[in-house]
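Welcome! Please open the structure in your viewer and get ready to select a few pieces one after another.

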Amino acid sequence: MFYSQPGLRPRTWEASSPEHKKWVEVFKACDEDNKGYLSREDFKVAVVMLFGYKPSKIEADSVMSSVDPNTSGIRLKEFLDIVRKKKEAQLYRSEVRHIFTAFDRHYRGYLTLEDFKKAFKQVAPKLSERIILEVFREVDQDSDGHVSFKDFEYAMNSGQK
């Protein structure tokens, strides 16, 4: 298993006061009838407003199935928790992309075994070439001799579990 550096993924991320205020304002704007909760459609609009994309049916189903069954939708506290988790995931993915780009010195969009060797020489100079080769082979999911960002991201996420 490929293990990333300890502490790479933020344990919990706290929104700044202005950001938290914005989330509350978006909640209130999407709760047009002042019901105290967001319906499925209200939630989709809120995600568009905050993240710039419309959530898929699967994402909306997942969120709606996780809310308190005694309510008709997502209450403010639940909404803030969902948005915080989405923001954490967004920041983590951005951090993984940054690391990948640092390793991809030739800007090809993939990493070769040579890229891996150079990267590991910097972060773990005593690691044997055999171990680096094993890690590379495990991360290179389709065995094409290249580690794509998708391969890299999968390995980084697996290392966090």
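What follows is a short tour of helix pairs and nonpolar cores in this predicted model.

**Stop one: H1 and H2.** Select helix H1 (17-30) together with helix H2 (residues 40-51). The axes of H1 and H2 come within 9 Å and cross at roughly 140°, so these helices are oblique to each other. The crossing of H1 with H2 is right-handed. To see the contact, show Lys22, Trp23, Val26, Ala29 and Cys30 on H1, then Asp42, Val45, Ala46, Met49 and Leu50 on H2. Of these contact residues, 8 are nonpolar, 2 are charged and none is polar.

**Stop two: H2 and H3.** H2 brings Arg40, Phe43 and Lys44 to the contact, while H3 brings Lys57, Ala60, Asp61, Val63 and Met64. The contact of H2 with H3 has 4 nonpolar and 4 charged residues, and no polar ones.

**Stop three: the cores.** Which residues have the most contacts inside the largest nonpolar core? Select Leu38, Phe43, Leu50, Ile74 and Phe79 to see them; the core has 19 residues. H1, H2, H3 and helix H4 (76-103) each supply at least two of its residues. Now centre on Phe79: beyond its neighbours within four places in sequence, its contacts include Trp23, Val26, Phe27 and Ala46.

Finally, find another core lying apart from that one: it has 18 residues, including Phe100, Phe120, Val135 and Met156.

Note on methods
Residues numbered from 1 in each chain as written. Predicted model: local features only at pLDDT ≥ 70, side-chain atom pairs only at ≥ 80, totals over all residues. Heavy atoms only, no water. Axes fitted to C-alpha atoms, helices over the stretch in contact; angles between N-to-C directions. Helix = DSSP H or I, 4+ residues; strand = E, 2+ residues; numbered from the N terminus. Contact = heavy atoms within 4.5 Å. Nonpolar A, V, L, I, M, F, W, Y, C, P; charged D, E, K, R; others polar. Core = buried A, V, L, I, M, F, W, Y, C linked by side-chain atoms within 4.5 Å. Buried < 20%, exposed > 50% of the residue type's maximum accessible area, 1.4 Å probe, protein only. Parallel < 35°, antiparallel > 145°, perpendicular 65-115°, else oblique. Left-handed = near helix turned anticlockwise from the far one by under 90°.
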